[in-house]
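Hi,

Here is the structure I said I would pass on to you.

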Amino acid sequence: MSSTVPEWKSLMRSNIRRGSDLPDLDGLKQDEIDNVRKLYPFFSNAYYTSLIREEGDPIWQQIIPSEQELNDPTYYMEDAVGEDGDDSPVKHLTHRYPDRVLFTVTYTCAIYCRFCTRKRKVGKNPVPPWNEMQDVFSYLREHTEIRDVLLSGGDPLLLEDNYLERILNELRSIPHIEVLRIGTKLPCVLPQRVTEGLTDVLKRYHPLFVNTHFNHPRELTEEASVACGRLIDAGIPVGCQTVLLKGVNDDPEIMKELMLGLLKMRVKPYYLYQADLVKGTHHFRTDVSTGLQIMNYLQGNISGFAVPMYVIDAPGGGGKMTVGPNRMVSVDDEWIVLRNYEGKEFRYPASGSHDAEIPSEYLTGTILADYL
Ligand SMILES: *Cc1c(COP(=O)(O)O)cnc(C)c1O
Ligand code: SF4
C-alpha cells in the first residue's frame, strides 16, 4: 500500500505540529513552541526541517515558533495590506487592481512561515466549499475587465491534481481571462509535490505562470532545482517572490547569492517584499534603508536579470509600490541628473529636442560633481 503514496504526501504526513515532533535540536524550547502555536499554527515536514543546521539559523527562524510573535507593537495589524475589506467583493477574492485579482483557493500550506502576511488566515480555515468557489467564478464572468487571475492561498499546489484542474478549467472557460498565475511556496518547502502528473495538468492551461518563494540560498537544493526545472520544462515561466527578513536575508551578500542561485535554476527574481506590518511578525521587519542598500548593491553588482523589484505593499489597500535607490537627483525640461550605484552623478539631456546646446563634456561620462 504505502509504496503507492506519493512522496510529497508521506512528507505532509510527517506531521510536525508540536515541539515534541521536532528532531532533537539544541536550543529547542518546546514550551515556547507549544505556547505560540495555540495562536499561530506550527506545521513543517521532514524535508524542510532537515535544512535546519543549528539554533536560530535562517531556516529555523522561518519555521520555529518564537515568543516574539506574541509581543507586537500596538499598531501592527492582522490584515496589514487590506485584503479582506472593501477590496474583497466576494469571499476568497481580492480585486484591487483594474485587470487582475487574487483568488484564495486554499488556506493550507506545507509549512507555516512565521513571517506570513496572511498569518490571520493560514492554517485556520478549510478549503473553500465549491459553492463559494462558484460565487467567485460568477464574479469573474461578470467582470470582463479582469484578464489575469492569481491563484493564491495558502498554497494552491497542495490541492489534488484533479481539483486544481477543475478550478483551472472553470477559469479557462471564461473568455476574457487571458493569464493564469499560481503563487506557491512548494518548490521551496515541499519540492517533491512538483510531480510529472502535476505539470501534465498545468501545461494544459497556458499561458500559465508560477511565482514561487525562496528566501535563503540554503533553500536552493537539488530537489528544489528539479521542481523548478520541471515546471519550466512544461513551458511555465517561474518567478520568485522573496521577503526581506531580519536575521535571515537582510544582507547584500546573502541576497546576491540567493538571486544568482535562482537564476542558475532558471527562476527569475520578481519581487523583494518589505515585510508588512503584520501582527506576530514584527521581529522580522528591517529598516527600509536596509532594503534600499541591498537593492543598490544588487543593481551595481549583478545582472539586471537577477535583480528583483523591491516593493512595499501599503497598509489600507494602497497596493504594491516599487521603491529603489534614488537614481534621480533632479530633473527639469533640459536636464536630468542621475546618480549611479557608486554615488557618481551624471547629467543627461532630458529634452528630446535637438536644438539644445549640449556642452560635449557632459556627454563623455564626466562626473558632474567636477562641474558643480
Ligand atoms: C500582488 C497582488 C496582485 C498581483 O500583482 P502583480 O503586481 O501584478 O504581481 C493582484 N492582486 C492583489 C490583491 C495583490 O496583492
Ligand atoms: S507558504 Fe505562503 S501563505 Fe503559507 S505560511 Fe508561508 S508565506 Fe504564508
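Below is what turned up when I went through the model.

First, some housekeeping. This is a predicted model, in which local features need pLDDT of at least 70 and side-chain atom pairs count only at pLDDT 80 or more, while totals for chains, interfaces and linings use all residues. Residues are numbered from 1 along each chain as its sequence is written, chains are lettered from A and ligands numbered from 1 in the order in which they are written, and side-chain values use heavy atoms, with hydrogens and water left out.

On the overall layout, the protein chain is assigned domain 1 (93-323) and domain 2 (328-370); the bounds come from an automatic or database domain assignment. Their C-alpha centres are 39 Å apart.

Now the pocket. On a 1 Å grid over the protein atoms alone, a pocket is an open set of points with protein on both sides within 12 Å along at least five of seven lines, a cavity is a set where a 1.4 Å probe fits but cannot get out, and lining residues have an atom within 4 Å of a point. Points are joined across faces, edges and corners, and a volume is the space filled by probe spheres set on them. The largest pocket has a volume of about 1000 Å³. It has 44 lining residues, with Leu102, Arg118, Ser152, Gln241 and Tyr273 nearest its centre. Among the elements that each supply at least two lining residues are β3 (148-152), β5 (208-212) and β7 (268-274). (Helices are DSSP runs of H or I, at least four residues, and strands are runs of E, at least two, numbered from the N terminus.) The lining divides into 21 nonpolar, 12 polar and 11 charged residues, where Ala, Val, Leu, Ile, Met, Phe, Trp, Tyr, Cys and Pro count as nonpolar, Asp, Glu, Lys and Arg as charged, and the others, Gly among them, as polar.

As for cavities, there are 2 of 30 Å³ or more. The largest cavity holds about 50 Å³, and its lining has 6 nonpolar, no polar and 2 charged residues. Tyr40, Cys113 and Lys119 are among the residues that line it.

How many disulfides are there? The count is 0, with a disulfide taken as a pair of cysteine sulfur atoms within 2.5 Å. Cysteine 228 is in no disulfide either, the nearest cysteine sulfur being that of cysteine 240, 8.2 Å away. Cysteine 188 is buried at 0% relative accessible area, and cysteine 228 is buried at 0% as well. (Buried means under 20%, exposed over 50%, partly exposed in between, with a 1.4 Å probe and protein chains only.)

Threonine 212, in strand β5, is buried too, at 1%. Its contacts (heavy atoms within 4.5 Å) beyond four places in sequence include Cys188, Cys240 and Gln241.

Most residues other than glycine have a negative phi, and most peptide bonds are trans. Glycine 153 and glycine 154 are joined by a cis peptide bond, with omega about 15°, and so are histidine 206 and proline 207, with omega about -5°. Histidine 92 has a positive phi of about 75° and is buried at 10%. Arginine 266 also has a positive phi, near 70°, but is partly exposed at 46%.

Cheers
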